[in-house]
Amino acid sequence: MSKLTKNQKLALGKIEAGKAYTLKEASALVKEITTTKFDASVDVDVRLGVDPRKANQMVRGVVSLPHGTGKQVRVLALCTPDKEAEATAAGADYVGLDEYIDKIKGGWTDIDVIITMPSIMGKIGALGRVLGPRGLMPNPKSGTVTNEIGNAVKEVKQGKIDFKVDKSGIVHTSVGKVSFTPEQIRDNAKEFILTLIKLKPTAAKGAYIKSIYLSSTMSAGIKIDPKSVEEN
């Protein structure tokens with residue numbers, strides 16, 4: 001195990017062992033404990049009281065972060081020619097159909113999100129082996145399969161993200177950058193967590209939100225008191 005640097009030791013010293021911070025406190029503290037020289041991502045990890053192996057306890061959804069993600073999201077719009085101008089105007093980085101399907105078949109995946117239309121999903125199904133493992137497969141539930149191509153592109157560019165509970169019952173997502181203000185980090189994290197709460201499966205029993213941690217790239221996690229999320 002590598003030794004902690006002087007800055008990392010100082011950062012760890014700012015976290016009180018065993019303490020559950022309010023979301024407001026954690027949103028300010030995560031900036032203080034980040035020692036990376038680059039603009040690190042701020043992440044939220046929520047452990048849910050669900051069994052993802054059961055279909056009626058799967059938690060998946062989308063949320064539009066008030067202040068965006070801080071990331072440049074590369075969007076590919078796979079659409080019919082009559083929708084290409086709409087997708088381009090909305091800010092899609094790549095627009096087309098057959099030529100991009102061929103590129104993906106050849107292994108090209110330099111994109112973050114693919115938005116397409118219901119009528120085209122038949123062609124895209126064959127790309128499952130390439131797109132599936134990378135989390136790039138369009139899905140109606142995440143709003144990436146729609147005839148409203150322009151609106152879908154705008155929403156993704158403005159900070160719309162989709163999330164899904166993993167096999168361990170944890171939902172992990174980025175809610176901004178360390179360069180964000182504490183208020184922006186708090187707003188984004190709050191919107192994400194409240195969305196998770198709204199999605200609680202009726203089949204889930206006992207405590208639904210088991211733990212919440214806020215961290216940045218390579219920083220320690222800060223435990224958050226779930227009760228503080230809805231505070232003003």
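Helices (H or I, at least four residues) and strands (E, at least two) are taken here as DSSP runs, numbered from the N terminus. The structure is a predicted model, in which local features need pLDDT of at least 70 and side-chain atom pairs count only at pLDDT 80 or more, while totals for chains, interfaces and linings use all residues. Residues are numbered from 1 along each chain as its sequence is written, and side-chain values use heavy atoms, with hydrogens and water left out.

Along the chain, leucine 194 and valine 63 are 131 residues apart, yet 9.7 Å separates their C-alpha atoms.

Helix α8 (residues 182-198) also holds phenylalanine 192, whereas phenylalanine 163 lies in strand β6, so their pairing ties together parts that are 29 residues apart in sequence. Rings of Phe, Tyr and Trp (its six-membered ring) pair if their centres lie within 6.5 Å, and planes under 30 degrees apart count as stacked, over 60 as edge-to-face and the rest as tilted. The pair of phenylalanine 163 and phenylalanine 192 is edge-to-face, with 5.2 Å centre to centre and 90° between the planes. Phenylalanine 163 is buried at 3% relative accessibility, and phenylalanine 192 is buried with a relative accessible area of 0%. Lysine 205, by contrast, is exposed at 65% and is found in the loop between α8 and β8 (209-216). Its C-alpha atom is separated by 21 Å from that of phenylalanine 192, 13 residues apart along the chain.

The count of aromatic pairs comes to 4. Tyrosine 94 and tryptophan 108 form one that is edge-to-face, at 5.2 Å centre to centre and 85° between the planes. Tyrosine 94 belongs to strand β4 (residues 94-96) and tryptophan 108 to the loop between α4 (98-105) and β5, so this pair joins parts 14 residues apart in sequence. Tyrosine 94 is partly exposed, with a relative accessible area of 27%, while tryptophan 108 is buried, at 14%. Ring pairs link Tyr94, Tyr100 and Trp108 into a cluster. Over the ring of tryptophan 108 sits the charged end of lysine 103, 4.2 Å from its centre; the rule asks for NZ of Lys or CZ of Arg within 6 Å of the ring centre and within 35 degrees of the ring normal.

Turning to open space, the largest pocket holds about 670 Å³. A pocket is an open set of points on a 1 Å grid over the protein atoms alone, with protein on both sides within 12 Å along at least five of seven lines, and lining residues have an atom within 4 Å of a point. The volume is the space filled by probe spheres set on the points. Of the 28 lining residues, those closest to the centre are Asp112, Val113, Gly135, Ile161 and Asp162. Strand β6 gives the most to the lining, with 3 residues. Domain 1 (17-69 + 160-230) and domain 2 (75-158) each supply at least three residues to this lining, with bounds from an automatic or database domain assignment.

Finally, methionine 218 lies in the loop between β8 and β9 (222-224) and counts as exposed at 67% relative accessibility. Its phi is near 70°, a positive value in a residue other than glycine. Most residues other than glycine have a negative phi.

Conventions:
On a 1 Å grid over the protein atoms alone, a cavity is a set of points where a 1.4 Å probe fits but cannot get out, and a pocket is an open set with protein on both sides within 12 Å along at least five of seven lines; lining residues have an atom within 4 Å of a point. Buried means under 20% relative accessible area, exposed over 50%, partly exposed in between (1.4 Å probe, protein chains only).
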